[in-house]
Amino acid sequence: RSVLKDYRGPVTKSEVNVRPVPRLLNSQAYRFSHYEPVVYPALALSARVEGNVDLGLITDPATGEVRDVSAISGPALLRPAAVDAARRWRFEGNSANSPTINATIEFSLRCQSTAK
């Protein structure tokens with residue numbers, strides 16, 4: 001029940017052809033050498049689940065490689081997609097002041113553009 005607590009019913013005909021793209025909030029604060037966009041999970045899209053997923057990333061400051069990612073909060077159906085994409089991100093070397101980075105991915109059915 002908790003997974004589908006925000007369920008709003010099946011998608012409408014007009015929503016079927018629209019594929020929302022989750023976006024990284026405050027994206028201008030990060031410098032990427034490689035950014036992998038987050039894919040909206042099909043089940044969450046069908047169930048019309050929206051929300052923000054807060055991530056905690058541990059990086060190698062010198063190389064920008066993401067060493068570990070964990071979902072701190074957010075809807076359970078959205079967390080795996082956010083973590084999966086963030087594992088493939090790579091920040092520009094020495095662009096972060098700390099090896100720990102917090103990021104938020106917004107999953108919105110009204111979101112139509114990618115952010116980098």
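Author: Before we start: rings of Phe, Tyr and Trp, the last taken by its six-membered ring, pair if their centres lie within 6.5 Å. And keep in mind that this is a predicted model.

Reader: Fine. How many aromatic pairs does that rule give?

Author: The count comes to 7 aromatic pairs. Ring pairs also link Tyr30, Phe32, Tyr35, Trp89 and Phe91 into a cluster.

Reader: What's the geometry of Phe32 and Tyr35?

Author: Phe32 and Tyr35 are edge-to-face, with 5.0 Å centre to centre and 65 degrees between the planes. Tyr35 also pairs with Trp89, and that one is stacked: 5.3 Å centre to centre, 25 degrees between the planes.

Reader: And where do Tyr35 and Trp89 sit in the chain?

Author: Tyr35 is in the loop between β2 (32-34) and α2, while Trp89 is in the loop between α3 and β5. They are 54 residues apart, and the pair links distant parts of the chain.

Reader: Are those two buried or exposed?

Author: Tyr35 and Trp89 are both buried. Phe32 is buried as well.

Reader: What does Phe91 touch, skipping its sequence neighbours within four places?

Author: Phe91 is in contact with several residues, including Tyr30, Phe32, Leu57, Val66 and Ile101.

Reader: OK, core next. Which residues touch the most other members in the largest nonpolar core?

Author: Leu24, Leu55, Leu57, Trp89, Phe91, Ile105 and Phe107, out of 29 residues. At least two residues each come from α2 (42-46), β3 (51-59), β4 (66-73), α3 (79-87) and β6. The element that gives the most is α3, with 5 residues.

Reader: What's the strand order in the open sheet?

Author: The order is β1-β6-β3-β4, 4 strands with antiparallel pairing. The edge strands are β1 (23-24) and β4, each pairing on one side only. Against this sheet packs α3, which touches β3, β4 and β6, and its direction makes about 160 degrees with that of β4.

Reader: How many bridges join β1 to β6?

Author: There are 2 bridges joining β1 to β6. Leu24 stands opposite Ile105 in β6.

Conventions:
Residues numbered from 1 in each chain as written. Predicted model: local features only at pLDDT ≥ 70, side-chain atom pairs only at ≥ 80, totals over all residues. Heavy atoms only, no water. Core = buried A, V, L, I, M, F, W, Y, C linked by side-chain atoms within 4.5 Å. Buried < 20%, exposed > 50% of the residue type's maximum accessible area, 1.4 Å probe, protein only. Contact = heavy atoms within 4.5 Å. Pairing = 2+ DSSP bridges. Axes fitted to C-alpha atoms, helices over the stretch in contact; angles between N-to-C directions. Phe/Tyr/Trp six-rings, centres within 6.5 Å; stacked < 30°, edge-to-face > 60°.
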